[in-house]
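Here's a quick look at a few strands and a helix pair. Have the fold open while you read.

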Amino acid sequence: MRKSEKRMKEICRYIEDYQFRYSRTPTLDSIAEAVGTVKSNVYKYLAEMEQRRMISRNGREIRVHSAIESHPGLNRVPILGAVSCGQPEYAEENYEGYVPLPVALFGKGDFFILRASGYSMIEAGIEPGDLVVVRKQNTADEGDIVVALVENETTLKRFYIDKKRKCIRLHPENSKMKDIFVRSCTIQGVAQNVIKSLT
């Protein structure tokens with residue numbers, strides 16, 4: 001059966017839109033319903049689209065190659081999971097999905113997104129569930145909000161160098177919480193923007 005180019009584009013558009021809204025890949029059933037066909041046809045279309053390199057699949061995850069990657073005005077940024085805004089918490093390098101970010105608003109560069117948890121950054125406007133857009137870099141200026149790796153645990157805090165104590169001070173933006181003092185830490189990135197959670 002010859003595959004419809006129009007339907008392939010519809011499937012790509014639906015997958016991208018769904019991933020943008022929900023940060024995950026839609027099921028075959030939901031794709032079928034959205035484009036007006038049956039699940040078995042969607043499976044065949046996806047196989048054909050993968051052969052044509054329009055998409056790639058990793059288990060149940062589908063990555064669309066067409067629009068976002070070829071669009072100069074969009075930057076395709078992975079969501080890497082949660083980061084603690086309370087006590088430091090290990091962040092696994094497993095992406096939840098991708099978000100297309102307009103270059104005009106966020107600029108060019110190597111970014112990743114972490115989902116905030118905890119309440120230590122609420123006075124900086126970062127609340128649980130918010131998506132924090134982070135520029136990947138290993139240096140920071142004093143006062144930057146950083147993603148810091150401290151003894152295999154990742155946390156989001158404001159970065160300062162404490163010259164008196166000769167250490168690094170990771171400052172929570174919550175007046176009820178205390179600073180964290182460490183001899184060293186690895187800067188994984190500097191927060192650039194916050195995408196507010198709607199829930």
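## Strands and a helix pair

Strand β5 (residues 111-117) is largely enclosed by the rest of the structure, because five of its seven residues are buried (under 20% relative accessible area with a 1.4 Å probe, protein chains only; over 50% is exposed, in between is partly exposed). Keep in mind that this is a predicted model, where local features need pLDDT of at least 70, side-chain atom pairs count only at pLDDT 80 or more, and totals for chains, interfaces and linings use all residues. Residues are numbered from 1 along each chain as its sequence is written, and side-chain values use heavy atoms, leaving out hydrogens and water.

β5 runs antiparallel to strand β6 (residues 131-136), with five bridges joining the two (DSSP must find at least two bridges for strands to pair). Across from arginine 115 sits leucine 131 of β6.

Over in strand β4 (residues 97-102) you'll find valine 99.

| Valine 99 | Value |
|---|---|
| Relative accessible area | 5%, buried |
| C-alpha separation from glutamate 16 (83 residues apart along the chain) | 8.8 Å |

Now the helices. The axes of α2 (residues 28-35) and α3 (residues 39-51) come within 8 Å and cross at roughly 100°. So α2 is roughly perpendicular to α3 (that label covers 65 to 115 degrees). On the α2 side, Leu28, Asp29, Ile31 and Ala32 make the contact, meeting Lys39, Val42, Tyr43 and Leu46 of α3 (contact means heavy atoms within 4.5 Å). By class, that contact has six nonpolar residues, two charged and no polar ones.

Terms used. Axes fitted to C-alpha atoms, helices over the stretch in contact; angles between N-to-C directions. Helix = DSSP H or I, 4+ residues; strand = E, 2+ residues; numbered from the N terminus. Parallel < 35°, antiparallel > 145°, perpendicular 65-115°, else oblique. Nonpolar A, V, L, I, M, F, W, Y, C, P; charged D, E, K, R; others polar.
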